[in-house]
Amino acid sequence: MSTPPRLRPFSQVDVFTTTPYRGNPVAVVRDAVGLGDAQMAAFARWTNLSETTFLLPPSPEGAAAGADYRLRIFTPAGELPFAGHPTLGSCHAWLAAGGTPRVAGTVVQECGIGLVPLRRSPTSDLTDRPDGGASPGGRLAFAAPDLLADEPVDLSTLAAITRALGLEARDVVDHRFLDNGPGWRVLLLGSAEKVLALDPDFTGLGDLAIGVVGPYTALGDERYDGPDGAAVEVRGYALDMGIPEDPVTGSLNAVVAQWLQPDGLLPAEYVASQGTALGRAGRVHVSREAGSGDDGQDVDTVWVGGDAVTCIDGTVLL
């Protein structure tokens with residue numbers, strides 16, 4: 001059921017950057033109570049950003065499980081159960097607008113894939129500086145959801161992707177289908193330079209979400225000489241979401257870490273660069289921490305973090 005349009009609080013947040021307009025923007029409607037699915041989808045198509053989000057009170061089940069708010073995430077093509085940069089940007093907007101988590105230092109987001117914990121620096125007040133930059137220590141990070149699928153890309157799909165990216169089979173070091181809500185088919189190339197040189201034929205990529213990653217030095221070598229000490233360059237093509245190339249992608253970087261860190265190909269803590277080919281300078285901060293599950297078994301958590309800055313703060317008629 002939809003409600004008549006009214007002015008609603010609205011933010012546009014640039015994520016994975018401390019410099020406005022160098023990361024990946026997300027549109028955040030901070031009060032979406034009463035909006036119907038069709039209204040949300042139409043507004044997401046209108047913003048024409050890779051993602052538009054809508055903040056809501058948690059569901060009764062979510063609230064009982066500790067959620068601070070509920071988030072719905074739309075691309076121009078439809079709704080997603082989870083996505084990384086909308087999670088960070090929406091949490092930034094919620095905190096900047098006065099949101100107070102139930103547990104100090106931790107925010108729990110309810111979304112289609114379930115509950116997603118976020119953490120923030122204890123030194124940050126999560127407010128924006130007058131010059132538009134993100135507050136010192138204001139980096140947020142989300143705990144990467146468990147993978148729903150982890151398997152090699154099927155050979156026929158791999159061949160089609162390789163052709164569309166202008167690669168030879170020998171250029172692909174490894175590949176996986178990794179699903180954390182968005183289902184990413186990820187190719188590992190031999191170098192960041194090969195990643196940056198890609199000139200995709202989008203008509204040949206089909207209706208898929210495709211990630212490509214390449215190291216700035218040899219895999220496993222901890223001497224990182226990428227921009228700002230980046231270990232890898234990442235590119236993401238999300239044709240299934242109506243996004244030819246995404247500037248900076250949290251969900252993709254999450255699955256890359258979950259894939260490559262356990263085998264020591266990437267270290268427990270590193271920075272990924274993304275957006276270079278689009279004139280952006282996204283920096284994704286990834287760390288893997290050991291822990292234990294409810295059953296006492298060892299469970300590692302991948303944290304995917306980034307800075308954020310509010311570029312637009314006002315109201316929207318919706």
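Modeller: What follows is a set of questions and answers about this model.

Modeller: Before you start, this is a predicted model, in which local features need pLDDT of at least 70, side-chain atom pairs count only at pLDDT 80 or more, and totals for chains, interfaces and linings use all residues. Residues are numbered from 1 along each chain as its sequence is written, and side-chain values use heavy atoms, with hydrogens and water left out.

Biologist: Thanks! How many helices and strands does the protein have?

Modeller: There are seven helices and 18 strands. Helices (H or I, at least four residues) and strands (E, at least two) are DSSP runs, numbered from the N terminus.

Biologist: How do you know that the radius of gyration agrees with a compact globule?

Modeller: The radius is taken over C-alpha atoms, and the globule rule is 2.2 Å times the number of residues to the power 0.38. For 318 residues a compact globule would come near 20 Å, and the protein has 19 Å, so the two agree. Its C-alpha atoms fill a box of roughly 55 × 45 × 45 Å along the principal axes.

Biologist: Why is Thr52 called buried?

Modeller: Buried means under 20% relative accessible area, exposed means over 50%, and partly exposed lies in between (1.4 Å probe, protein chains only). Thr52 has 0% relative accessibility, so Thr52 counts as buried. Thr52 sits in strand S3, residues 52-56. Of the 318 residues of the protein, 56% count as buried.

Biologist: What makes the link between Thr52 and Thr47 a polar contact?

Modeller: A polar contact is a pair of N or O atoms within 3.5 Å; within protein, one must be able to donate a hydrogen and the other to accept it, and residues adjacent in sequence count only if both atoms are side-chain atoms. The side chains of Thr52 and Thr47 make such a contact at 2.7 Å.

Biologist: Which residues does Thr52 touch, leaving out those up to four places away in sequence?

Modeller: Contact means heavy atoms within 4.5 Å. By that rule Thr52 touches Ala27, Phe43, Ala44, Thr47, Arg72, Ile73 and Phe74. Across the protein, 64% of the contacts with a separation of 6 or more are between residues 24 or more positions apart.

Biologist: Now Ser11, please. Is Ser11 buried or exposed?

Modeller: Ser11 has 4% relative accessibility, so Ser11 counts as buried. Ser11 belongs to strand S1, residues 7-15, and a polar contact of 2.6 Å joins its side chain to that of Arg30. Beyond four places in sequence, its contacts include Val26, Ala93 and Ile312.

Biologist: Why is Cys311 called partly exposed?

Modeller: Cys311 has a relative accessible area of 23%, which means that Cys311 is partly exposed. Cys311 is in strand S18, residues 308-317, and touches Gln12, Asp14, Pro20 and Tyr21, not counting residues up to four places away.

Biologist: How far from Thr301 are Cys311 and Gly291?

Modeller: Cys311 and Thr301 are 10 residues apart in sequence and 31 Å apart in space, C-alpha to C-alpha. Gly291 and Thr301 are also 10 residues apart along the chain, with 7.2 Å between their C-alpha atoms. Gly291, in strand S16, is partly exposed at 33%.
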